[in-house]
Amino acid sequence: MKSNHGLLSLLFLLCTTLIVAQPKPTEVVTGSVTGVVIDADLNQPIPYATIIISKSGGETLTGGITNDNGIFEIKKIPEGIYTLKIQFIGYEAFERDLKIDREHREHDMGKLSLSPIAAELDAVNIVAERTTIEQKIDRKVINVGKDLTTSGASAADIMNNIPSVNLDQQSGALTLRGNSNVQVMVDGKLSNIPPDQLLKQLPSNSIKKIELITNPSAKYNPDGMSGIINIVLHKNVNIGFNGDVSAGLAYEKNPQFNSGLNLNYRNGKFNLYSNYSNTIAERANYGTIFREGDDSTQFFDMLNDQNSHLLKVGLDVYLNDKNTISVFTSQNSFKGEPGGTINIVYADDASRNLLQDFGADMNNYSQQYNFDYKLDFEKEGHNIEFEADYNTFDADEDTYFDFTGATQLSDYEDFVNTKRDRTTLNLDYVNPLSDSEKLELGLQAILFNTDIGYSSTGQSFNSSGNLIPTPNTQFDYSRDIYSAYVTYGKSYEKWSYQAGVRAEQVNVAADTNSVRAFTNDYFELYPSAYVTFNPSEKNQYQLSYSRRIDRPGVGQVNPIREWSSPLVTEYGNVNLRPQFTNSIEANYTRTLEKGSLTAGVFYRMIDDLINQAVFVDRFNLDRMVLTNDNFDATTAYGFEVSSNYKPLEWWSINASFDLFNQTQMGITESLDPNIENPTTADITQSTKEIENTVYNVRMINNFTATKQLTFTAFAMFRGPQKGIQFSNKSMFMTNIGARYSIFEGKGTISLNYNDIFNTMKARFTATNPYALQGQFNWESNTVYVGFNYRFGDSKYRAKKRKSREDNVKDDSGMF
């Protein structure tokens, strides 16, 4: 027993020794830090300030942001010595040492004051002196500088200064890469306001940038062969009360006035803003058309007196750092009174002379109501957003026509009433799967309807050639689009790619006088893909593909005549089908020591091409009928290059060259001018094919004389181009301007002389249906004076609200 007892004692002693010898578990020490960040001058909290915890070498360990009340709390900070840094735009950075150990686990910093940076207070909303161009993954971005806004009072005045964009100052038609099938958006949203009217109403100095989205991703609506022109407007992002006021006057033969007022009030929870702009202008348009066959000349003398008023009021409510609600409404009123004379003179037979006087009262009113809710999840960039948009457009047109001379028609009036409405519902989901991957999903419904009523006091020829009272017409057109999209993007070292597809179900119905005239229901897929390669900081290569659609516009399908003169009338084609385009594009961007260079090529394959058809009027063989029709497949290609360069400190240059080629097809009819009394049996019809190559050259030179005074010289050359009906001759324009900064940089006075050599004339010739040549002029040789002044508080406090159609997350917004 003693032996056993001794053994047990020995074992007990050994175990006790081993237990005592075991090291105690190492205690993991972590800590936390809290505090409140406030404005040193206003003693108000600063929401969304950045909190950074960094190691001694400057490497970031962890961090966070302040909430709506300026409070922050960073937990689970490992033991160590760190630097606490607080940053916010417009304020001096704040730094303090931070030590975490057993004795210093919890740190309450109390109130931490940030002081505004006086030198940068006004820098947030200052517009750059010169325009710059950026090539991004799916768009070309023209950052509008003061040199471009000097060109004129409205957005329409600066469009011809934008690479790849042309605006017909006579008709208002906007083209991108030589094609008019383009969508125009403002801050990523469509408007029911006609684009030509809209561009004349937007003040040029309200534009922050213009995005040319030539190969949009599957996230975008696939409408428009040539893509999207998105006009992004300035939005005030300063706290407190801010605003700016602008006014501009252009004059050649008639005054053209444009003004705007933007007001904004922002605090921690709310952002209330309102924007107003107006246009009051008289625009002259005059020209001649000479017909060789009957030796006649048409003299046009027209004047359009118009005024418009555009108001937007909106509210952003930041419920907390995860939930945001935004609402806005825009109201637009337009009144136009176009009028003039068309005098037709026959050199060999004065008895056929005809004078038409015409005038119109055109009034339209559009309304837009928008609601947006966005929920941000814990992960940065992970969010879901719902948007509802309702848009209406009501227009009344009363036009009179008086005749003097050889005609069987009596004086008459036409009455047209148009009602349009569009409801858009969007649901978008974004999930950054990792630092290098992103998934986007979305659903959309667009419900569009238009009703057009037409009546007339006049008479029309029937199929027998007899005059009868012009019948009333009611045209109802609806188009509902239901779509879903998915895109996936990933970056890997120097490569990045994005691929996606959009699926659409479309239902179209058209009724003429309550009789079903046309239906077209179709399901389509629209894929898109992008690849970007960045071998170095100075070089970038891009390759992209997208499939798009051009849906016939209401004007293209409307059977009610769109425009009429004694020798020309225009109708829509109810049976017009959409055309589809597959587009491939490659771009290269080179960063230079004193600028940048961007070059690109594109190739399009087009099915069911929509183009113009020109017929001889069966009821009056002296008249032409313009309409549209579908044609066979065709192709288009183009090349463009643009550059920013600053050869000297006081001299900078923006230059661009673009060239586009497309084979156009259309139906033309003609009459032999040697037949004295032609009949419908003498009409010959053919399908015409035109190889059309268009090129444009633009250059803007900016010269800095003093800190306050700068000068601008702009030149543009547009090469000749061929169409189904007309061949247009070249155009050339030169503008010069000056800007002077006043009130310590808050105000700007601009003076510009446009088209100084008065060379902007639309000159054209045609062979079918009749051989003719003509020229039209408008008020391009104008002197423009503009003024802009910014006022209010200057401290910057950013809060993001996603602009749905802006993949680069730019916060922007009037409209």
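At 54% relative accessibility, Tyr-492 counts as exposed (buried means under 20% relative accessible area, exposed over 50%, partly exposed in between, with a 1.4 Å probe and protein chains only). Tyr-492 belongs to strand S26, residues 473–492. Strands here are DSSP E runs of at least two residues, numbered from the N terminus. This is a predicted model, where local features need pLDDT of at least 70, side-chain atom pairs count only at pLDDT 80 or more, and totals for chains, interfaces and linings use all residues. Residues are numbered from 1 along each chain as its sequence is written, and side-chain values use heavy atoms, with hydrogens and water left out.

Tyr-492 is one of the members of a nonpolar surface patch, together with Trp-495, Tyr-497, Val-531, Leu-543, Ile-584, Tyr-603, Met-605 and Tyr-637. Strand S27 (495–512) and strand S33 (595–607) each give two or more residues to the nonpolar patch. Patch residues have over 30% relative accessible area and no salt bridge, and nonpolar side chains are joined within 5 Å. A salt bridge is a side-chain nitrogen of Lys or Arg within 4 Å of a carboxyl oxygen of Asp or Glu.

Next, the strand pairing. Strands pair if DSSP finds at least two bridges between them. S29 (residues 539–550) and S32 (residues 579–592) run antiparallel, joined by 12 bridges. Ser-544 stands opposite Glu-585 in S32. S32 also runs antiparallel to S33, with 13 bridges. Ser-583 faces Arg-604 of S33 across that pairing. A hairpin through 2 residues links S32 to S33.

Now the rings. Rings of Phe, Tyr and Trp (its six-membered ring) pair if their centres lie within 6.5 Å; planes under 30 degrees apart count as stacked, over 60 as edge-to-face and the rest as tilted. The count comes to 17 aromatic pairs, including these two:

| Pair | Type | Centre to centre | Between planes |
|---|---|---|---|
| Tyr-695 and Phe-717 | tilted | 6.0 Å | 35° |
| Phe-743 and Tyr-789 | edge-to-face | 5.6 Å | 85° |

Phe-743 lies in the loop between S42 (731–742) and S43 (747–753), and Tyr-789 in S46 (residues 783–792), so the pair ties together parts 46 residues apart in sequence. Phe-743 is exposed at 51%, while Tyr-789 is partly exposed at 25%. Phe-241, Phe-743, Tyr-789 and Phe-791 form one aromatic cluster.

Note on methods: Helices (H or I, at least four residues) and strands (E, at least two) are DSSP runs, numbered from the N terminus. Patches are made of residues with over 30% relative accessible area and no salt bridge: like charges are joined within 9 Å, nonpolar side chains (Val, Leu, Ile, Met, Phe, Trp, Tyr) within 5 Å. Accessible areas come from the Shrake-Rupley method with a 1.4 Å probe; for residues, only the protein chains shown count as cover.
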